[in-house]
Amino acid sequence: MALREISRSLRLLFGQTQRCPPVVAANTTVLLLPEPSANENEAVSPNFENRNPRNLEQMALAVKDRGWKTSWPHREFHHRLMFSRSQRHVTAEVFSSTSSIPVLSCSTREWALKKELHSTNCVAACQVVGEVLAVRCRQAGITRMVYRAIPWTYRSDSVQAFRNAMKEGGVTLSEPRRKYVGT
């Protein structure tokens, strides 16, 4: 009961002090700040800092690291897709140009995929890995990447099934050429 009366009296006290006009001494001056105009609110700052690191690469303005001409695969990419098949499993990984650790990956070693497949190295497994990786890429915001298949495996049914699944999933398997903007 005592706490209720104390809190009620405090509320009344604060309520009364908020309602009272501010008391200004006779010798003090009050500085009134001018109201900001609508033009100041809509003005654009001349200093702009891009906080989205992928913005320039999506507009095809970012510089790609070229690497050495003699190295294979070439390093001129923002994101690279690597597809590999072993005797037991199918693996696909997306690498960034700045890191050797995969950004995204999908494999038939994952239990969720393994339990749905009859065989983990057949053409259907390659297609499923492509579909799942395409969904993961779209969720991560990666819609374009470089994919260069090894020339002697390019025409195999499994690689074609993987590529078609990625394309149908909404991922473009080439990056745009860089746009050069004159300054």
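Let's start at arginine 136, which is partly exposed, with a relative accessible area of 27% (buried means under 20%, exposed over 50%, partly exposed in between, using a 1.4 Å probe and protein chains only). Keep in mind that this is a predicted model, where local features need pLDDT of at least 70, side-chain atom pairs count only at pLDDT 80 or more, and totals for chains, interfaces and linings use all residues. Residues are numbered from 1 along each chain as its sequence is written, and side-chain values use heavy atoms, with hydrogens and water left out.

Arginine 136 forms a salt bridge with glutamate 110, the closest N and O atoms sitting 2.9 Å apart (the cut-off is a side-chain nitrogen of Lys or Arg within 4 Å of a carboxyl oxygen of Asp or Glu). The two partners come from distant parts of the chain, 26 residues apart: glutamate 110 is in the loop between β3 and α4 (111–114), and arginine 136 is in helix α5. Glutamate 110 is partly exposed too, at 26% relative accessible area. The structure holds one salt bridge.

Now for the sheet. Three strands make up an open, antiparallel sheet in the order β1-β2-β3; helices (H or I, at least four residues) and strands (E, at least two) are DSSP runs numbered from the N terminus, and two strands pair if DSSP finds at least two bridges between them. β1 (79–85) and β3 (102–107) are the edges, each with a single partner strand, so one side of each has no neighbour in the sheet. Seven bridges join β1 to β2 (residues 90–96), and arginine 80 stands opposite phenylalanine 95 in β2.
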